[in-house]
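Open the structure in your viewer and keep the selection tool at hand. The tour moves from one selection to the next.

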Amino acid sequence: MTQPNYDFVTAAPIVPVLVIDQLEHAVPLAKALVAGGLPALEITLRTECALDAIEAIAAAVPGAIVGAGTVCNRAQLLECQNRGARFIVSPGSSDAIFQAAHDAQLPLLPGVATASEIIHAKEAGFEILKFFPAEINGGAKALKAYSGPFYDLQFCPTGGIGPDNLADYLALPNVIAVGGSWITPKSAMQAGDWSKITDIARQAVALAHGIRNAA
Ligand code: 3PG
């Protein structure tokens, strides 16, 4: 059986978590982020046009690795795959979503916050997990503690991460990438200020590489 490809989580140290309110924003936003060095894009299923946005980016932005976030069940996962999503992120974990990802052969980041949830996801064969919501569940300190018992797992924390605490996370060897919405401020999205978003992405990538090189 072909193993799902997790290149989206190694393509860059940051995965932007995107809430797209207007479909016409999707393609220019994706192009702006790819230009800024962030090719893996998590489109959250929190808006009416999210699925259309996934489809539009998959069709028109070849440099993007487009995925879906806020995926909570099998039906959503399959619909996202039909629309062109190449990876799936879930805020939580369930046997049904694990099975759906396995059946679809799609890479999934299951959401976990506790040791028991980590064991549940590990038993289902997942080795890269979304730690969510990161900051209110102990943040980088919790991930450092998990590196002992779960030495063979990697995490992509999201929830409350930004330039001020990025270093706490990216300096940890068990953090493969971080996710966050700070790259795409609502004001820049509403103004269609795509070059500003490219600048924020570039700065974040430079900061991330600096942190990784110093770690
Ligand atoms: C997510 O869905 O991963 C989070 O909502 C992203 O969290 P943030 O908005 O605090 O970056």
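Predicted model: local features only at pLDDT ≥ 70, side-chain atom pairs only at ≥ 80, totals over all residues.

Residues are numbered from 1 along each chain as its sequence is written, and side-chain values use heavy atoms, with hydrogens and water left out.

Select strands S6, S7 and S8, which form an open sheet in that order with parallel pairing. Strands (E, at least two residues) and helices (H or I, at least four) are DSSP runs, numbered from the N terminus. Two strands pair if DSSP finds at least two bridges between them. S6 (111-112) and S8 are at the edges with a single partner strand each, so one side of each has no neighbour in the sheet. Two bridges join S6 to S7 (residues 128-131); Val112 stands opposite Phe131 in S7.

Next, select helix H6 (residues 139-146), which packs on the sheet and touches S7 and S8. Contact means heavy atoms within 4.5 Å. Its buried residues are Gly139, Ala140, Ala142, Leu143 and Tyr146, while Lys141 and Lys144 on the other side of H6 are exposed. Buried means under 20% relative accessible area, exposed over 50%, partly exposed in between (1.4 Å probe, protein chains only).

Finally, select Thr158, in the loop between S8 (154-157) and helix H7 (166-170). Is Thr158 buried or exposed? Thr158 is buried, with a relative accessible area of 4%. Not counting residues up to four places away in sequence, Thr158 touches several residues, including Phe132 and Gly179.

How values were computed:
Axes fitted to C-alpha atoms, helices over the stretch in contact; angles between N-to-C directions.
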